[in-house]
Amino acid sequence: MLDTSARLLRLLSLLQTPRAWPGSELAERLGVSGRTIRNDIDRLRELGYPVDATRGATGGYRLGAGAAMPPLLLDDEEAVAVTVALRTAAQGAVPGTAETSLQALAKLEQVLPSRLRRRVRTLQAYTVAVPADRPVPTISADVLTTLVSACRDRERLRFDYLDHTGRPTRRLVEPYRAVNWGHRWYLLAWDVEREDWRTFRVDRIEPRTPTGPRFTPRELPGGDAAAYVSQRVSGAAWRYHTRVIVHAPATAVIERINPAVGTVEALDADTCVLITGADTVQTLAVYLGMLDFDFDVTEPAELVTHLRRLAGRYARSTPPTR
C-alpha cells in the first residue's frame, strides 16, 4: 500500500505539469507496466481528480480542471519560489491581493519541511526592499481582472480615462496585453476611434460594462508588447527629446542602449540614428558620453549648449598635450 500511495503521489505530480503524458512515458518514469498506469489513473479519478485522456500521436493523460483545486505537489525549489512570490505579492500595489496572499502564504509555510522553512525565513530576514522614491499608484484587482479578461476573450472595451493632464476622456479600444513595469501597470490596446496603438495607465482606467463585441486580433507592434510599452511610456514622460547621428554601426549602439532609453535606426554600415530623451539635459549628456562613440547633435538647443559647456570644462580639467 505504501508503494502504491507513493506512486500515486508521484503520478499526480507529473500530471500537474502543463503537458500531455503518453501512458508509455508515465510507465517508464514510474517503472511499472502500462496496465498499472491505467489502474492508477482510475484510482485518481475515483479520488476525485479529473484526469483527461486524448488519443493520437500528441495525445496522452493530463490533469483537467475540477470543481475544487487538488493538492499541489511542489519540489523544494518550486516551494521556495512560490513562498517568495507570495510574500512579494503581499507587499504589492494591487489592493485586495495582499490579504489573500498572506492567507495562502500562512498555509504554505505551515506545511513546509523544516529545511525549506529555514531557507525561506533566511531569505526573509536577510533581504531588504528599497522603498519607492515616489508614491506608488495602486490599482483595483477587479479592474485588472476586467482588462485581462477582455484581452483573453478579444472583446472591445469601453472605459473612462484620465490623461496625463488629468483631463477625463472616454475610450473605445481593442485590448491586447496588461504590462507590468515596476510598480505600475499599463494596458496596450488598439484605439478604435484614433486608429492607432495606445498605452494606458491602469490606475487611470474606469471600465464600463458590458464588454464586446469580439474583434479580430492584430499583430502586436514590433511583436513585443513589453518593449513597445517601455518605449512609449518612457518617451512620453521625457522633457527633452533628441535625434543623434552616431558614427558607429547600429548593431554596436543597440548593444549599449536599453529599449526603454531609446531606439536605433541604421543609416548605413557605419552610421546610425539614436532617438532618445531624458528629463534633464545633464542626463542626456551622460547617456551620450557612455556610448563611447563620436556623434553629431543639433537639438534641442539646451542640450547643445550643455555639451559645449562640458567640452570646455573637460578641456580645462586636463593638461595640454606636448
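**Aromatic pairs and their surroundings**

Let me start with W190, which is buried at a relative accessible area of 14%, where buried means under 20%, exposed over 50% and partly exposed in between, computed with a 1.4 Å probe on protein chains only. Before I go on, please keep in mind that this is a predicted model, in which local features need pLDDT of at least 70 and side-chain atom pairs count only at pLDDT 80 or more, while totals for chains, interfaces and linings use all residues. Residues are numbered from 1 along each chain as its sequence is written, and side-chain values use heavy atoms, with hydrogens and water left out.

A search of the whole structure gives six aromatic pairs, counted when ring centres of Phe, Tyr or Trp (its six-membered ring) lie within 6.5 Å, with planes under 30 degrees apart called stacked, over 60 edge-to-face and the rest tilted. One of them joins Y176 and F215, whose ring centres are 5.5 Å apart and whose planes stand at 50 degrees, so this pair is tilted. Because Y176 belongs to strand β4 (residues 168-181) and F215 to the loop between β7 (205-208) and α8 (225-237), the pair ties together parts that are 39 residues apart in sequence; helices (H or I, at least four residues) and strands (E, at least two) are DSSP runs, numbered from the N terminus. Both Y176 and F215 are buried.

W190 itself pairs with W197 in an edge-to-face arrangement, at 5.5 Å centre to centre and with 85 degrees between the planes. W197 is buried too, at a relative accessible area of 9%, and Y176, W190, W197 and F215 form one aromatic cluster.

What lies over the face of W190? The residue there is R218, at 4.0 Å from the ring centre, and elsewhere the charged end of R19 sits over the ring of W21, 3.8 Å from its centre; the criterion is NZ of Lys or CZ of Arg within 6 Å of the ring centre and within 35 degrees of the ring normal.

D196 lies in strand β6 (residues 196-201) and is partly exposed, with a relative accessible area of 31%. As for I139, which is 57 residues from D196 along the chain, the C-alpha atoms of these two residues are separated by 25 Å.
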